[in-house]
Amino acid sequence: MQTSTRDRIVIAAARLLQRQGYVGTGIKQIAQEAQATLGSVYHFFPGGKETVAVAAIHHSTEEFATLLREALDSDDDPAGAVSACAGRLAEELRESGWTDGCPVTAAALETLGTESEIQQACADALRGWEQLVHDKLLRRGFPAQSARELASTVISTLEGAEVTAQVNRSEEPLRVAGRQLSRLIRSYDEYEAYAPVLPRE
């Protein structure tokens with residue numbers, strides 16, 4: 001199935017945001033990478049670069065959500081599933097030559113302090129990813145508050161570890177993050193399992 005011009009523009013923008021950030025990406029470069037005319041870009045995105053970037057962030061958000069869902073569904077144990085997710089991120093980052101990081105993180109950091117659509121799209125992305133982890137933990141029987149806090153920790157840690165892996169050109173930060181998150185989740189799981197029978201002080 002042939003990719004539409006609009007989709008080519010969005011995908012090209014997403015890849016450029018991954019590799020060089022929002023500030024470093026120009027509207028002409030997006031058109032060139034998408035093999036589209038500048039007029040086509042403005043036809044689909046009259047608001048220019050920011051509106052293309054928002055669409056690209058939505059695209060990347062769903063890409064990562066798909067990876068995250070697959071990893072979470074790969075293991076009934078959420079600890080193992082989160083570790084698997086970190087492993088997949090490490091492999092994909094290495095295979096890209098350490099260039100294809102998270103465009104959401106890059107765009108969010110470059111637009112801090114603004115009330116832009118980009119910031120809103122990035123915030124929505126992070127919340128959506130946290131919700132996927134939260135729901136997995138709830139299905140495993142975790143209390144709502146523990147699930148919510150752990151989900152936030154998982155996504156924050158993976159995002160930070162991915163940046164560190166890029167800087168160091170090494171899978172190890174993500175591998176370590178996966179192992180430590182796995183231990184953290186298991187410690188909660190064990191605590192919650194035994195907490196009801198612990199004596200009250």
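Helices here are DSSP runs of H or I with at least four residues, numbered from the N terminus. The model is predicted: local features need pLDDT of at least 70, side-chain atom pairs count only at pLDDT 80 or more, and totals for chains, interfaces and linings use all residues. Residues are numbered from 1 along each chain as its sequence is written, and side-chain values use heavy atoms, with hydrogens and water left out.

**Stop 1: α4 and α5**

Select residues 49-73 for α4 and residues 78-95 for α5; the two pack at about 135 degrees, with axes 8 Å apart. Axes are lines fitted to C-alpha atoms over the stretch in contact, and angles run from 0 to 180 degrees between N-to-C directions. The angle makes α4 oblique to α5 (under 35 degrees is roughly parallel, over 145 roughly antiparallel, 65 to 115 roughly perpendicular, and the rest oblique).

Now show the side chains at the contact (heavy atoms within 4.5 Å). On α4, they include Phe64, Leu67 and Leu68; on α5, Val82, Cys85 and Leu89 are among them. By class, this contact has 10 nonpolar, no polar and 3 charged residues. Ala, Val, Leu, Ile, Met, Phe, Trp, Tyr, Cys and Pro count as nonpolar, Asp, Glu, Lys and Arg as charged, and the others, Gly among them, as polar.

**Stop 2**

The model has 11 salt bridges (a side-chain nitrogen of Lys or Arg within 4 Å of a carboxyl oxygen of Asp or Glu). Select Glu63 and Arg15, which form one with N to O at 2.8 Å. Glu63 is in α4 and Arg15 in α1 (residues 5-20), 48 residues apart. Glu63 is partly exposed, at 34% relative accessible area (buried is under 20%, exposed over 50%, partly exposed in between, with a 1.4 Å probe and protein chains only).

Next, select Arg19 and Asp100, another salt bridge, with the closest N and O atoms 2.7 Å apart. Arg19 lies in α1 and Asp100 in the loop between α5 and α6 (103-110), so the pair ties together parts 81 residues apart in sequence.

**Stop 2**

Is Glu171 buried or exposed? At 18% relative accessibility, Glu171 counts as buried. Select Arg94 too: its closest N and O atoms with Glu171 are 2.3 Å apart, in a salt bridge.
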